[in-house]
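User: I would like a close look at a single part of this model, with its surroundings described step by step.

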Amino acid sequence: MAGRAENPTQATVLRLLRDEGPLSRVQLADRLGVSRTTMASEVNRLTELGLAEGAGPAASRGGRRSTLVDLSRELRFVGIDIGATSMSVAVTDGRLSVLGERRHVALDVRLGPEHVLGLALEVTRKLLAEHRIERPSGVGVGVPGPVDFHSGVPVSPPIMPGWDGYPVRDAVARELGCPVLLDNDVNIMALGERHSGVARSVPSFLFVKIGTGIGCGIVIGGELYRGVDGCAGDIGHIRVEEFGPTCACGNSGCLEAYFGGAALARDAMAAVRGGRSPALVALHDQKGELSAEDVATAATQGDAYAVQMVRDGGHRVGWVLASLVSFFNPGLIVIGGRVARLGHTLLAEIRGVVYRRSLPLATGNLPVVLSEMGDDAGVVGGAALISEAVYAAG
C-alpha cells in the first residue's frame, strides 16, 4: 500500500502530477527550482513509497532524454458521501478520475452509525472487489452534519441522532485497513467542485448545498476553510425570520426550516391539504407522499403555487448569500445538492437577490451557477479529501 509524501518537494511533485499529468524529471526540477540530482532522488523515493512511477522517456530536448514521471497506477482512493436518505460510493485513481461507483443507495441516517456505516462498508467492499483492490490508498467520508475534523467524529449533528461523538474515522479505518478522513458533506462537495467541477480554475469560491439541510463550503486560495472548530459555512441555521418554523437544530426561523428538503415536503403537503396546487395534489394521489423532487416536477409543469414555493425559497437563500458576498467577496458561487435540481427558476431567483442586495464591486464579476457534477461532487470530493492528505508532506 502507498505511503504519503515525506517533505514539501515530494508533495509539490505529487500535486503537479495529479493536476497536469506526466512530467519529465527535468521539467519537475525546473518547476521546483531544484537540481536534477535532487529531483532524481525525490522521484526515486516517491517510487519506493508507491506514489509515483516512471512513464517512459520524455520528448527529446537535445542530449540525453529525461524520464517521464507519473502517479502510480496502483493508487486508488475511495469517496463515501453519506446523506440523510441516501449514500454514494466511488473508487478513483490517483488523479481522481472515477473508476466505478454506486449511487443513491437508500438509507436512513437516523438509524445510527452502526447501521449506516455497516451499509457503507458493505457497498465499499463490493466495489473494491469488483476492481480487484485489496486495500485502497485512503478513504474520505462525508456526513450531513458538523464534524470535528481533527478527531474524526460528528459533533451534535441535528439530523443524525446517535452519531454525536461516534468515532467514524477510526471505525472505517479499522475495517478497511487504510487512512481515513471524515468531513462535513458540503465540504467534500466543495472539494469535488475544486478538483473536477466548474470551480476548477477559481481559487476562492462558495459551494452551497441545498438538500435535506443547507450548508456552504468555503474555499480560499484553493484551500478549504473549516473555521476554528470545523463548523464554518453552516448557513442553514442562519435566522431569516424572527419567528418561523422550528428547525431541527431547536431554533426557529432558520433558513433550513424554510427551504431544506424536509421543509419543502412539509409545505407541499400543506398545499395539498389546502387544495392550492393541482399538480401537487395529482402527484400526492399517485404516490401517497411528497418530496422536494415533487415540488420540482410540479414547477416544471407550470404549477403556479409550486413555482412560487421555489421563488420564495430562492429569495431567502439569495438574501443569506448576499450577506456572504459582501463579507467574503468570492469569485464564484456554485449551487448544488438535490433541492438545487429545482433548476433555473431557483437559480434565477438566487441570482436576482444576490445581485440586487450586494455591492456592484462584489458582483460585477461574480458568476452564480448550478453545479454540473451532480452526485459526483461528493464522492470525488471524498477522494480528493484523502488524496490531499496523502499528497501532503508528512
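Which residues lie nearest the centre of the largest cavity, and how many residues line it?

Analyst: The model is a predicted one, and the description that follows should be read with that in mind. Of the 22 residues that line the largest cavity, Pro144, Gly145, Asn184, Ile214 and Asp234 lie nearest its centre. The space inside comes to about 290 Å³, and the structure holds one cavity of 30 Å³ or more. Among the secondary-structure elements, helix 6 (185-196) and strand 12 (214-220) each supply at least two residues of the lining, with helix 6 giving the largest share, three residues.

The side chain of Asp183 is joined to that of Asn187 by a polar contact of 3.0 Å. When neighbours within four places in sequence are left aside, the contacts of Asp183 include Val141, Gly142, Val143 and Val147, and also Ile188, Leu224 and Leu385. Phe149 and Arg226 are likewise in contact with Asp183, and these two residues are themselves arranged as a charge over a ring, with Arg226 lying over the face of Phe149 at 3.7 Å from the ring centre. A further arrangement of this kind involves Arg316, whose charged end sits over the ring of Tyr258, 4.0 Å from its centre.

For aromatic rings facing each other, the structure holds one pair. The ring centres of Phe77 and Tyr391 are 5.9 Å apart and their planes stand at 80°, so the pair is edge-to-face, a label that applies to angles over 60 degrees. Because Phe77 lies in strand 4 (residues 77-82) and Tyr391 in helix 14 (residues 376-391), the pair ties together parts that are 314 residues apart in sequence. Phe77 counts as buried, with 0% relative accessibility, and Tyr391 counts as buried at 0% as well.

Apart from neighbours within four places in sequence, Gln10 is in contact with Ala5, Glu42, Arg45, Leu46 and Leu49.

Conventions:
Residues numbered from 1 in each chain as written. Predicted model: local features only at pLDDT ≥ 70, side-chain atom pairs only at ≥ 80, totals over all residues. Heavy atoms only, no water. Phe/Tyr/Trp six-rings, centres within 6.5 Å; stacked < 30°, edge-to-face > 60°. Helix = DSSP H or I, 4+ residues; strand = E, 2+ residues; numbered from the N terminus. Buried < 20%, exposed > 50% of the residue type's maximum accessible area, 1.4 Å probe, protein only. Lys NZ or Arg CZ within 6 Å of the ring centre and 35° of its normal. Contact = heavy atoms within 4.5 Å. Polar contact = N/O pair within 3.5 Å; in protein donor to acceptor, adjacent residues only side chain to side chain. 1 Å grid on protein atoms, 1.4 Å probe; cavity = no way out; pocket = protein on both sides within 12 Å on 5 of 7 lines; lining within 4 Å. Points joined across faces, edges and corners; volume = space filled by probe spheres on them.
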